[in-house]
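Walk through this model with the structure open beside the text. Keep the helices in view as you read.

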Amino acid sequence: MATSYSPLKTALIGGLTLSALHACWVMLVASGWAQPILDFVFKLHMLNSPFIVQPFSLLLSLELIALTFAVGAFYGIVFSLIKKLIHQ
């Protein structure tokens, strides 16, 4: 049974997946939990965190989510086109 991959649907899935991940990060920054989580993750890897989370900015948050949606959508289209080429 062959599965067809619509480039548009695959782009939507890629965009939503990547932007949802970054929307979670935005919520962590807005809630004030981002720095402790970032520090914890670095500590688990036995590293000192050189990063300091900046104050929340709605405009930057929207830009981050929009950009990551576009990148995810682009790679969704690329995936779909490569899949079609391989299965021809």
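Val41 is found in helix H2, residues 34-44; helices are DSSP runs of H or I with at least four residues, strands runs of E with at least two, numbered from the N terminus. Val41 counts as partly exposed because its relative accessibility is 37%, where buried means under 20% relative accessible area, exposed over 50% and partly exposed in between, with a 1.4 Å probe and protein chains only. This is a predicted model, in which local features need pLDDT of at least 70, side-chain atom pairs count only at pLDDT 80 or more, and totals for chains, interfaces and linings use all residues. Residues are numbered from 1 along each chain as its sequence is written, and side-chain values use heavy atoms, with hydrogens and water left out.

Val41 belongs to a nonpolar surface patch with Trp33, Ile37, Phe40 and Leu44. Together they have about 520 Å² of accessible area, from the Shrake-Rupley method with a 1.4 Å probe, only the protein chains shown counting as cover for residues. Patch residues have over 30% relative accessible area and no salt bridge; nonpolar side chains (Val, Leu, Ile, Met, Phe, Trp, Tyr) are joined within 5 Å, like charges within 9 Å. A salt bridge puts a side-chain nitrogen of Lys or Arg within 4 Å of a carboxyl oxygen of Asp or Glu.

Now step to Leu28, in helix H1, residues 7-31. Leu28 is partly exposed at 23% relative accessible area. Beyond its neighbours within four places in sequence, Leu28 is in contact (heavy atoms within 4.5 Å) with Trp33, Ala34 and Ile37. Its C-alpha atom is separated by 9.6 Å from that of Phe56, 28 residues apart along the chain.

Thr10 also has its place in H1. Thr10 is buried, because its relative accessible area is 12%. Leaving aside neighbours within four places in sequence, Thr10 is in contact with Tyr5, Gly76, Phe79 and Ser80.

Which helices each supply at least two residues of the lining of the largest pocket? They are H1 and helix H3 (58-86). The lining includes Trp25, Val26, Phe56 and Leu60.

Finally, find Met46 in the loop between H2 and H3. Met46 is not a glycine, yet has a positive phi of about 60°. Most residues other than glycine have a negative phi. Met46 counts as exposed, because its relative accessibility is 74%.

Note on methods:
On a 1 Å grid over the protein atoms alone, a cavity is a set of points where a 1.4 Å probe fits but cannot get out, and a pocket is an open set with protein on both sides within 12 Å along at least five of seven lines; lining residues have an atom within 4 Å of a point.
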